[in-house]
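Thanks for taking a look at this one with me. Here are some notes to read alongside the structure, point by point.

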2 protein chains.
Amino acid sequence: MKKRLGMTVMALAAIATLGAGVLNAKDRELIDPIKPAKVTDAALVELGKKLYFDPRLSKSGFISCNSCHNLSMGGTDNIKTSIGHNWTKGPINAPTVLNSSLNVAQFWDGRAADLKEQAGGPIANPGEMASSHTLSVHILQSIPGYVADFKKVFGSDKVDIDKVTKAIAAFEETLVTPNSRFDKWLKGDKKAITEQELAGYNLFKSTGCIACHNGPAVGGNTFQKMGIVEPYKSTTGGDGRSAVTGKDADRFNYKVPTLRNVELTYPYFHDGEAATLKEAVDVMGRLQLGRKFTEDENAKIVAFLHTLTGDQPNFKLPILPASSDITPRPSPFDK
Amino acid sequence: MKKRLGMTVMALAAIATLGAGVLNAKDRELIDPIKPAKVTDAALVELGKKLYFDPRLSKSGFISCNSCHNLSMGGTDNIKTSIGHNWTKGPINAPTVLNSSLNVAQFWDGRAADLKEQAGGPIANPGEMASSHTLSVHILQSIPGYVADFKKVFGSDKVDIDKVTKAIAAFEETLVTPNSRFDKWLKGDKKAITEQELAGYNLFKSTGCIACHNGPAVGGNTFQKMGIVEPYKSTTGGDGRSAVTGKDADRFNYKVPTLRNVELTYPYFHDGEAATLKEAVDVMGRLQLGRKFTEDENAKIVAFLHTLTGDQPNFKLPILPASSDITPRPSPFDK
C-alpha cells in the first residue's frame, strides 16, 4: 500500500510538472510528428515482408505475424486476446505493430529489447505460432525462393533465425504512420483539426493524459502502473513489468500503449477489456488521473484521438515463394 | 461393381476419343490461354476485396476468406484440410480461388452453382467461419466505411447478404492468372517452354491426362470419378458429387481441379493426401489411366505442370474500415 501511494504521489507530481511545462512553453508540444520510414535496404525489407505474411513460420501453417498484427486492421487483430495454435486463448491483448519501432521495448512487459528480439518470440511460443526456431529455419532453407532472397540480402544462402528476425524487424520498422491530421496540425496547418478536436487535445494536456502519452508515438516510451489512483481489476494480462524485473514495485506496470491510430486498435488495455474509446478514456480518467470526465470532455478527447490516424501500410500483397518437395509440411492437428 | 465398370469403360472411351481428336487436329490444343479479367465495376470489385480480407465475417473475428484461400499462396492454405472456427479440422482440401470463375460449379462436389452462391457458404458454416448471414450483415451495417461503400456501389446504404456475396464474387472473378509460360507457348512463343516441358505436355496429351484436364483452367469443367481404374482409398473428403445429386453413380465423383498454378496449390486431391506433384502424377496415372509412369515420364509431366503458373494477384493490401462503437464484437472463445 505504501508503494502504491508512493507511485501515486510520484505520478501526480510528474503530471503537475509536465502540466506546468506545457503552460510555460506554449511553443513546444510534447507530441512530435511521426517521421516517414527511411528504407536503407529495400531487399531486406521485402524479405521481411514475405516472412511477416508467411504462415509456414507456424506449426499449423495457418498463423503468420499478420494473423494477430493484421496490417489491414491497424496492425492488431481487434480481439480482446489473440487466438493461437490449436485455438489457444492468448493471455494478453495483441499490441499494434504500427509505429512499434518507436517503443522503448517490445511486449506489454517490455521483455524484448527491440523488434528483432520480439520477432523470435511468437514463432516459438506454444500458445501462439507453436513452431521452433530450428523448424522454421529448416522450412525456409528448403524453399528455393527464400534461399535466393537470403543470398541476395545477406550474401549467403544459409538461413538462420538471426537473419529471419532481422528481416522481419526491418520490415516492421517501415510500418510507421505519418501524415495524421494531428501531425499536420503540429506542423502548422491549423485547419487540419476541428475546434472540437483541438479542445480535446487541450484537455488531453491539461488533465494529464499527456504525462504518459507523449513523444512521437503518443505513448510507448515508458512503463506505468495500470491503476494509479484506483486499482484496476482484471483477471487477464498477468502482472506486467514485474515479471521481467522481479521487482514488486513493477507489479501491474505495463508499457504505455501508443495512441497513434488508436481508432483502429480496439479493444483497449492490456486485457482488451475496454471495447470503445469512450470507455477507455473514462477508465483512464478515473484510474490514472482520479478524474471523472464529463460526457462533453470525454467526447472532445475521443475526437482528438481520432486525429491520430496516419497513413496506413501501402504496399502490394506479397506473393510467397512455393515450398519444395522436401519442405516439411505443416502439422496443424498434431497435439 | 457394374456401375464402376460402366464408369471405367465410359471414361476410357472418352479418353480414346479425345486422344484421337488431339492426333487428328494438331493445330488445335485442348487447353486455351487464360484471358485477363475484364473489370466493369471497379468499385464493386474493391468492396469485394475488402470483404474477402475481412475476418469480421467470422464469429471469431479471426478467419477471413483469405485465411483458407490465401492469395499470397496460390489461393489456397497449403494444408491438407483447412482449419475452421475453434480449430475445427475441415472435411476436405480447400480448392484454389484462382481462376475459380472458370469452374463449372463451386466446391469439390459442385453444390454451389457459382462464386456468388459459394461465398455465402463458409461464412455460415459452423466448422469454418461460424458466423451467420444475419450477424455478418448486422456487423457490416454498423461500420460507416462499409455503409459508404455499399451506398456508392449499390445506390443504397442497406447491406444484405446478396450484395455481400455479389461483391465477393466480383472480386474473385478478377483472380485469373494469365501469362503463364504455357499460355505464351500456346500463343506462339515456342521458346516459352523447354523441350523437357514440351515433352511433358505431349505425354499429358497422349496418355490421357488431358481428357479431364482441359479448357482454359486445365480442369474445373467436369466432374469425374476419383479412382476409375483402381479405387481410391481415402478416409476424408466425403462421397463427392452424389451428396448433391443423390445418385449412387456419382459417388466419389469430384470436380476435376484446375491445374493452373498447380505448383503453388499443394497438397493435392480432395483430401490433400498427395504432398507433391510427383506423387499426384503417379497416383493419377495409376488410378485414372491404369498407367505406371516411369520416373522420366513423371518428371516430364511435372515439368510441364510448372509452366502453368500465371500472373499472381497484384494489388495493394486492402485497408479495412474501422468498426464503430455499436459494431458487435467477435466472440472467438464462445462455444
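This is a predicted model: local features need pLDDT of at least 70, side-chain atom pairs count only at pLDDT 80 or more; totals for chains, interfaces and linings use all residues.

1. Buried residues in α9(B) include B:E197, B:G200, B:Y201 and B:F204. B:L203 and B:K205 are buried as well. As background, an α-helix has 3.6 residues a turn, so residues three or four places apart point the same way.

2. Now for the overall build of chain A. Its secondary structure comes to 12 helices and 4 strands. The C-alpha trace spans about 65 × 45 × 30 Å along its principal axes. For 335 residues a compact globule would have a radius of gyration near 20 Å, and the 21 Å of chain A agrees with that. Buried residues account for 49% of the chain. Of the contacts in chain A between residues at least 6 apart in sequence, 70% join residues at least 24 apart.

3. Chain A is assigned two domains: domain 1 takes in 2-30 + 180-308, and domain 2 covers 42-173. Their C-alpha centres lie 28 Å apart. Where they touch, 28 residues of domain 1 of chain A are in contact with 21 residues of domain 2 of chain A. On the domain 1 side, α10 (242-245) and β4 (253-255) of chain A each supply at least two residues. That side divides into 11 nonpolar, 12 polar and 5 charged residues.

4. How are the two chains related? A rotation of 180 degrees with 0.0 Å of shift along its axis superposes chain A on chain B, with an RMSD of 0.0 Å. This is the relation of a two-fold axis. In chain A, the residue that comes closest to the rotation axis is A:K316, at 1.9 Å (C-alpha).

5. Between the chains, 36 residues of chain A are in contact with 36 residues of chain B. The chain A side holds 20 nonpolar, 9 polar and 7 charged residues. The copies meet through the same surface, because 100% of the interface residues of chain A are also interface residues in chain B.

6. B:G61 is worth a visit, in the loop between α2 (42-53) and α3 (65-68) of chain B. Is B:G61 buried or exposed? With 24 other C-beta atoms within 10 Å, B:G61 is buried. Beyond its neighbours within four places in sequence, its contacts include A:N78 and A:I79 from chain A, along with B:P55, B:R56 and B:P330.

7. Finally, some backbone details to check. Most residues other than glycine have a negative phi, and most peptide bonds are trans. A:N86, in the loop between β1 (83-84) and β2 (88-89) of chain A, has a positive phi near 60 degrees. A:N86 counts as partly exposed, with 17 C-beta neighbours inside 10 Å. A cis peptide bond joins A:Y266 and A:P267, with omega about -10 degrees. The peptide bond from B:Y266 to B:P267 is cis too, with omega near -10 degrees.

Conventions. Residues are numbered from 1 along each chain as its sequence is written. Chains are lettered from A and ligands numbered from 1 in the order in which they are written. Domain bounds come from an automatic or database domain assignment. Two residues are in contact if their C-beta atoms, placed from the backbone, lie within 7 Å. Ala, Val, Leu, Ile, Met, Phe, Trp, Tyr, Cys and Pro count as nonpolar, Asp, Glu, Lys and Arg as charged, and the others, Gly among them, as polar. The radius of gyration is taken over C-alpha atoms; the globule rule is 2.2 Å times the number of residues to the power 0.38. A residue is buried if 20 or more other C-beta atoms lie within 10 Å of its own, exposed if 12 or fewer, and partly exposed in between; C-beta atoms are placed from the backbone. Copies are superposed by least squares on the C-alpha atoms of residues with pLDDT of at least 70 in both.
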